[in-house]
Amino acid sequence: MQELAQQVVSGLATGSIFASMALALVLIYRSMNVINFAQGEMAMLSTFVAWELNQRGLPIWAAFALTIVIAFVGAVALERIVIRPVEGAAPLTIVIVTLGLFTAFNGIAGWIWGYVLKTFPSPFPTTPVRVGDVAFSLQDIGIIVVSLGTLLAIYLLFQKTKLGLALRASALYPEQSRLAGIRVSWMLALGWGLASVVGAISGFMVAPVVFLEPNMMQGIIVYAFAAAVLGGIESPVGAVVGGLSLGVVLALLGAYVDFIGTDLRLPVAFAIIVIVLMVRPAGLFGRQKAVRV
Amino acid sequence: MSIRRFTIIALTAILALAAGAVLTVPAASQAVTGVTATEIVIGGTHPYSGPASAYSSIGKGAQAYFAYVNDKGGVAGRKITYKDLDDAYNPPQSLQLVKQLVEQDKVFAIFNSLGTPVNTVLRPYLNEKQVPQLFVATGATTWGRDASKFPWTIGWQPDYEAESLIYAKNVLAHEPSAKIAVLYQNDDYGQDYLKGLQNGLGAKASMIVKTASYETTDPDVKAQVASLKASGADTFFIFATPKFATQALVAAAQLSWKTKVYLNSVSNSQVVMKAATTQGGPAATTGVVSVIYLKDPTDPRYANDSGLALYKQIMAKYVPGGDVNDQFYLYGMGAAFTFVDALQKAGKDLTREKVMQAAIHLHETDNPFVIPGVIVQTSPDDRFPIRQEQLAQYDGTRWGLIGSLMTARR
Amino acid sequence: MRLALVACGLLVALLPWVIPPFVTFQLTYVAAYAIAILGLVILIGYSGQISLGHGAFMAIGGYTAAILLAGAGIGYWVSIPLAALLAGIVGIGLGFVALRLAGVYLALATLALAASVPPLLKRFKALTGGVQGLSLPSPHAPGPLQPFVSSETWFYYLTWALAAVAFALAWFVLRGRVGRSLRALRDSEIAAVAFGVNPVFYKTLAFGWSAAYAGIAGAIIAIVTAYASPDVYSVALSLELLIGVVIGGLHSFLGAILGGIVVEFLPLWAQKINPAVESVVYGVALILVVIFAPGGLAGGLSRLARALRIQATPRSRPASTIEAISEKSA
């Protein structure tokens, strides 16, 4: 029983990492119905920027704040320059462009900062906390709280502000929105900027745990895909719930199902993606809708 | 382009190539491949890109040491040119690069290629061509063990199994009733360590009550450590690379797992121990046992050590910007030292046979990068250059040596 | 046209006698990659489906050959066709899954498939040798030929011959009803179905066929490298194949060969500048090609050729059918 509780808590801690990355994927999907395969590498690049600023003497929280601005502006510029020309093209085309970004960003980070592991300052203390027999750290709590906070901020932005309304409208009804005077194309760029900020925050949370290096997100991104699909690729709530439950499921499978153990986690993620997409493409939290043809 | 024009171009190309073939007279080969009066050209591959690229510091360290040797006049008046290429830890790519090095760049030998899979692919080719495959950067036992089949290949570092045997000896001698849990990386390296531990415990292998593996693609090892703790074990073996070893040390501390910890030498640098102490508190690292064979650049014990002074001097001059605390640089220099030693032993009239003979007749008491007392030595019957290691225990700030040097087998 | 093909054939046949053995060896990989990339031309270019996971089929092919050769001593004459068959069957299976997953989702699922290959290979140790992989006997030319051709040359011929067969087969099949049906499905599935094209049949066929080609490529690479291990079949391999087909040209046979050249030689050349350059060049090239030259290198070449021809012969002739098609799809 104690082990079960401990595994669930460990799974939640790991799952919160998947959740924060999945949230960024969902934001892009909501704004333009594509999956940004470079999302993880953009987060990694932002984290390197924060690290560099910190190394150059900026206090860590100031570095975070400045990086968030850079991540936002950078992603908006990226959308304008690289994604704009293929806007409205076949999904395959955009997939290939984001794969190109993925590859290029990974190389750029390696070129500038090299591949040696770097320790990244944790924004939260790693002090252990015990509740009964279950142990975890303040850092774990911090990551979960930040994911939930980001989710709340996204909710408020989308539901309670005019900008959010415009963002939603231009994703769902681009033509009508255009007629209503919304600059749809800029809304897409804003969507990229927001997703990049969420990704950067996720990078700040992840880097102290997995250490900073150009490939740091590659182990995580496939799980983030699975989390986003599981929760429903259009649902921010789904992304967080999907991430946390994926973390718990993987931990429990590792501890109690010998056949799967800890070495078949990626195939499990693959299976989840395929099964969810075949059986319930909208995921746990998305609304089922008619197939567009 | 019209088809006719294309055809004409293609046929011209064929003719040109054919003419080239006739004119290319095979080069006279009384000279030794890769060796001139002023130069020795050698080759190698390391993962400078891709998932294993943290190891690239090994190649850079070796390169820096050769530059240092060259600036001091080289070996018998010859400068060493080390063509070290990026194989991205991909065996087929490594094989192509090495064929190019052997056949086009005419290298004298292949030195310190990294990775068990990579060297497994290179070995049959290099042995068929009778090109020395010297001091490969992997700790599998096969490099020392299978000399009868592959006489042109030799390793350098202590093999992983041997290191585990030392731990097993220590456990059997001092903690005969231990209940052991093992975390290992699910690849050849982690499995070799596990195998060594099982073999070393022999009849008492059932002391291992639980094992858990991780993949290098895993984000963390929290869940694995939690289930290892739940097994009720009181001794925790960590066979993991630095990133995951740090996570494992921290996770064990956060779970308040009161356990004795053994940590593989791959991850016992001060960088790891400091990171784990910062994140998990002193409890994460105090009392951890490991073995060492290389000097740790951050260890205060070696503050006045001439070997480390040399290391730091080479780093400052030839690898500006390189992290001095990254022990992989030191590893590369250590292996390069042994290579230079073998070249010197092979004498002025260098041949591949002679350098191979030198490599299996090493007796190196002065390698400045290994800990005092370790002798890098080989004989035709013993192709494991480094086999002495020193048990050490971490007291929260530094490694304290336990007992004397140990030799695992033979 | 026929003359040009003959000239190319001659060029390929004579090359090993004038180039160093290691280049012959590298060109063998070019042919193997070209076969795999041709599979992606069929899948992406003709049928409009995507796969970021074709490395998985190369793994199936590679391990089939490795297990048969290392374990049972069965020669490549048997093991390469079996590798193609097995990869093809699994490909048809995935093709059925692909029917339900459109566009982006299929990309996602196949990428996860690619990531799942190494852990699966490590897991089923009894069959695959686990993390150690399988070492194969060194490749050699058949006994009677050994005095005349080196093993490099022999496998060069074998691989290019296989490539010729694979390309010819694709040529004959795609110019006919199958090609028309696939293109029709790609351009408008509803219209195609209305004209009686069976989407289930043709789309799974395309998936299985392209997987079989990847299987052949995987088998060849395992045989000439004399090794198969989980490290060989990383996600990077799948992505390289995709990069190869996009840069080479998604709709063109010539593009498959150019893509093979890119995948084989770019990593070898790029690292002379900096090891990270390869990724940067790949990524930037991918984006530039998609935005500015959707026909890839092959499309660019044919445009260049057309420009040259217009200069050379002012009275332009009607373009040949093939060029017309490749223009249209580019």
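This is a predicted model: local features need pLDDT of at least 70, side-chain atom pairs count only at pLDDT 80 or more; totals for chains, interfaces and linings use all residues.
Close-up 1. Strand β13(B), residues 388-394, is mostly covered, with six of its seven residues buried. Its pairing with β14(B), residues 399-401, is antiparallel and runs over three bridges. The hairpin that β13(B) and β14(B) form has four residues between the strands, and within this hairpin G396(B) takes a positive phi near 105°. Strand β10(B), residues 289-292, also pairs with β13(B) in the antiparallel sense, over four bridges, and V291(B) has L391(B) of β13(B) as its bridge partner. A further antiparallel pairing, over two bridges, joins β13(B) to β15(B), residues 406-407, where T407(B) is the bridge partner of Q388(B).

**Close-up 2. The hairpin of β1 and β2 in chain A.** Strands β1(A), residues 128-131, and β2(A), residues 134-137, pair in the antiparallel sense over four bridges. Opposite P128(A) stands S137(A) in β2(A). Two residues lie between the strands of this hairpin, and in the turn G132(A) has a positive phi of about 60°.

**Close-up 3. Helices α2 and α10 of chain C.** Helix α2(C), residues 21-46, packs with helix α10(C), residues 199-225, at an angle of about 170°, and their axes are 8 Å apart. Because an angle over 145 degrees counts as roughly antiparallel, α2(C) is described as roughly antiparallel to α10(C). The residues that make the contact include T28(C), Y29(C), A32(C), Y33(C) and Y46(C) from α2(C), with A206(C), F207(C), W209(C), S210(C) and V224(C) among those from α10(C). Sorted by class, the residues in this contact are 21 nonpolar and three polar, with no charged residues.

**Close-up 4. Helices α6 and α7 of chain B.** Helix α6(B), residues 160-174, and helix α7(B), residues 188-201, pack with their axes 7 Å apart and at an angle of about 40°. The crossing in which α6(B) passes α7(B) is right-handed. On the side of α6(B) the contact residues include Y160(B), E161(B), E163(B), Y167(B) and K169(B), while those of α7(B) include Y189(B), D192(B), Y193(B), K195(B) and N199(B). The contact of α6(B) with α7(B) has ten nonpolar, four polar and five charged residues.

**Close-up 5. The contact of chain A with chain C.** Chain A brings 36 residues to this contact and chain C brings 35 residues. On the side of chain A that touches chain C, at least two residues each come from α4(A) (91-113), α9(A) (218-231) and α11(A) (265-279). Among these elements α4(A) gives the most, with 16 residues. By class, this side of chain A has 29 nonpolar residues, six polar and one charged.

**Close-up 6. The contact of chain C with chain B.** Here 41 residues of chain C are in contact with 39 residues of chain B. On the chain C side, two or more residues are given by each of α1 (2-14), α2, α5 (103-123), α10, α13 (277-292) and α14 (296-312). The element that gives the most to this side is α1(C), with seven residues. The side of chain C that touches chain B comprises 28 nonpolar, nine polar and four charged residues.

Close-up 7. G231(A) lies in helix α9(A). With 30 other C-beta atoms within 10 Å, G231(A) is buried, since 20 or more such atoms are what the term requires. Apart from neighbours within four places in sequence, G231(A) is in contact with A22(A), G238(A), A239(A), V241(A), G242(A), G283(A), L284(A) and F285(A). L244(A) is 13 residues from G231(A) in sequence, and the two are 9.9 Å apart in space, C-alpha to C-alpha.

**Close-up 8. The surroundings of V131 in chain B.** V131(B) is found in the loop between α4(B) (116-129) and β4(B) (133-136). This residue, V131(B), is buried, with 25 other C-beta atoms within 10 Å. Not counting residues up to four places away in sequence, V131(B) touches V102(B), A109(B), I110(B), L126(B), W152(B) and R352(B). Although V131(B) and R352(B) are 221 residues apart along the chain, their C-alpha atoms are separated by 6.9 Å.

Notes
Residues are numbered from 1 along each chain as its sequence is written. Chains are lettered from A and ligands numbered from 1 in the order in which they are written. Axes are lines fitted to C-alpha atoms, for helices over the stretch in contact, and angles run from 0 to 180 degrees between N-to-C directions. Angles under 35 degrees count as roughly parallel, over 145 as roughly antiparallel, 65 to 115 as roughly perpendicular and the rest as oblique. Two residues are in contact if their C-beta atoms, placed from the backbone, lie within 7 Å. Ala, Val, Leu, Ile, Met, Phe, Trp, Tyr, Cys and Pro count as nonpolar, Asp, Glu, Lys and Arg as charged, and the others, Gly among them, as polar. A residue is buried if 20 or more other C-beta atoms lie within 10 Å of its own, exposed if 12 or fewer, and partly exposed in between; C-beta atoms are placed from the backbone. A crossing is left-handed if the near helix is turned anticlockwise from the far one by less than a right angle, and right-handed if clockwise. Two strands pair if DSSP finds at least two bridges between them.
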